[in-house]
Amino acid sequence: MSHESIVLAAQRIGFPPGLVAYIRFLYACGVTQIRIGHLLGSCIRPRRGIRQGALSPLLFCAVMDWVLFQLDEHLGLELQGGVRVNHLAFADDVALLSSTAEARRWDGAV
């Protein structure tokens, strides 16, 4: 997940502006280092992914909600009663459902 997507998803679900600014700063200025034994590598500035921490599950869910919301509601499998299902999501597992070739070309990169 791009860091900008994480920030935008936090805004989308209504995080207060101060918290969004904190998240933006955290991801824009965050660095990490790899330690092997007593040797510490140079600083690495990650460009993608969610950092570990208390907000991580909420940020992950915010981005995934945004992605799944963008799915074309006309694609998917039609169940009895005219109900259409285009995805199944549980925890960090997602299955996209389709009965047509058009759905296979979806590019929902956030």
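Is Arg-12 buried, partly exposed or exposed? Arg-12 counts as partly exposed, at 33% relative accessibility. The views below are taken from a predicted model.

**View 1. Packing of helix α1 against helix α3.** Helix α1 covers residues 3–12 and helix α3 residues 56–69. The two helices pack with their axes 8 Å apart, at an angle of about 85 degrees. That angle makes α1 roughly perpendicular to α3, because values of 65 to 115 degrees are classed this way. On the α1 side, the contact is made by Ser-5, Ile-6, Leu-8, Ala-9, Ala-10 and Arg-12. On the α3 side, Leu-59, Ala-62, Val-63, Asp-65, Trp-66 and Phe-69 meet them. Sorted by class, the contact of α1 with α3 comprises nine nonpolar residues, one polar residue and two charged residues.

**View 2. Salt bridge between Arg-12 and Asp-65.** The closest N and O atoms of Arg-12 and Asp-65 are 2.7 Å apart.

**View 3. Salt bridge between Arg-24 and Glu-4.** This is one of three salt bridges in the structure. Between Arg-24 and Glu-4, the closest N and O atoms lie 3.3 Å apart. Arg-24 sits in helix α2 (residues 17–29) and Glu-4 in helix α1, so that the pair links distant parts of the chain, 20 residues apart. Arg-24 is partly exposed, at 34% relative accessibility. Glu-4 is also partly exposed, with a relative accessible area of 39%.

**View 4. Salt bridge between Glu-78 and Arg-84.** The side chains of Glu-78 and Arg-84 meet with an N to O distance of 3.0 Å. Glu-78 has a relative accessible area of 52% and is exposed, since the class begins over 50%. Arg-84, with a relative accessible area of 34%, is partly exposed.

View 5. Strand β5 spans residues 87–90 and strand β6 residues 93–96. The strands pair in the antiparallel sense, over four bridges. Ala-89 has Val-94 in β6 as its bridge partner. Two residues lie between the strands of this hairpin. Ala-91, in the turn, has a positive phi of about 55 degrees.

Key:
Residues are numbered from 1 along each chain as its sequence is written. This is a predicted model: local features need pLDDT of at least 70, side-chain atom pairs count only at pLDDT 80 or more; totals for chains, interfaces and linings use all residues. Side-chain values use heavy atoms; hydrogens and water are left out. Axes are lines fitted to C-alpha atoms, for helices over the stretch in contact, and angles run from 0 to 180 degrees between N-to-C directions. Angles under 35 degrees count as roughly parallel, over 145 as roughly antiparallel, 65 to 115 as roughly perpendicular and the rest as oblique. Contact means heavy atoms within 4.5 Å. Ala, Val, Leu, Ile, Met, Phe, Trp, Tyr, Cys and Pro count as nonpolar, Asp, Glu, Lys and Arg as charged, and the others, Gly among them, as polar. Two strands pair if DSSP finds at least two bridges between them. A salt bridge is a side-chain nitrogen of Lys or Arg within 4 Å of a carboxyl oxygen of Asp or Glu. Buried means under 20% relative accessible area, exposed over 50%, partly exposed in between (1.4 Å probe, protein chains only).
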